[in-house]
Amino acid sequence: MTCRDLFERLSEYVDGELSQEICEEIQRHMEGCEPCVAFAKTLKKTAELCRRLPSRPIPPEVAADLRGVLVTHLSKRK
Ligand SMILES: [Zn+2]
């Protein structure tokens, strides 16, 4: 999984429900990736949600946060 993959997964995630598989991939990636850890203020929220819920739509304010961070991050990389 690359950083970009991670962001793509996350944007899928903000559009829908959290899957256990995606959670695990995100957490595994973040164990070995400094930039994504730095980016993790919002991701941390995600990770907490991962731990808390098996599968439930995420709160709209969290989705909005994530979306904003993703857009900013991806546009910086271009
Ligand atoms: Zn990364």
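pLDDT is the predictor's confidence in each residue, from 0 to 100. For the protein chain its mean is 71, and 58% of the residues reach 70 or more. This is a predicted model, in which local features need pLDDT of at least 70, side-chain atom pairs count only at pLDDT 80 or more, and totals for chains, interfaces and linings use all residues. Residues are numbered from 1 along each chain as its sequence is written.

Start with the overall layout. The protein chain holds 5 helices and 0 strands. Read from the N terminus, the order is α-α-α-α-α. Helices (H or I, at least four residues) and strands (E, at least two) are DSSP runs, numbered from the N terminus.

Two residues are in contact if their C-beta atoms, placed from the backbone, lie within 7 Å. Of the contacts in the protein chain with a separation of 6 or more, 63% join residues 24 or more positions apart. A residue counts as buried if 20 or more other C-beta atoms lie within 10 Å of its own, as exposed if 12 or fewer do, and as partly exposed in between; here too, C-beta atoms are placed from the backbone. Of the 78 residues in the protein chain, 15% are buried.

Now look at helix 2. It covers residues 20-31, 12 residues in total. From first C-alpha to last it reaches 17 Å, close to the 16 Å expected at 1.5 Å a residue. That expected span is 1.5 Å times one less than the number of residues. Which residues of helix 2 are buried? They are Cys 23, Ile 26 and Met 30. Seen down the helix axis, these buried residues fall within an arc of 70°, so they line one face of helix 2. The arc is that of the directions from the helix axis to the C-beta atoms. The face turned away from this buried side carries exposed residues: Gln 20, Glu 21, Glu 24, Arg 28 and Glu 31.

The buried face leads to the core. A nonpolar core is a set of buried Ala, Val, Leu, Ile, Met, Phe, Trp, Tyr and Cys residues joined through C-beta atoms within 7 Å. The largest one has 7 residues: Leu 6, Phe 7, Leu 10, Cys 23, Ile 26, Met 30 and Leu 66. Helix 1 (3-15) and helix 2 are the elements that give two or more residues to this core. In soluble globular proteins, nonpolar side chains tend to be buried together.

Met 30, in helix 2, is buried because 21 other C-beta atoms lie within 10 Å. Its C-alpha is 10.0 Å from that of Met 1, 29 residues apart along the chain. The C-alpha atoms of Phe 7 and Arg 67 are 9.7 Å apart, across 60 residues of chain. Arg 4 also belongs to helix 1. Arg 4 is exposed, with 11 other C-beta atoms within 10 Å. Between the C-alpha atoms of Arg 4 and Leu 70, 66 residues apart along the chain, the separation is 9.9 Å.
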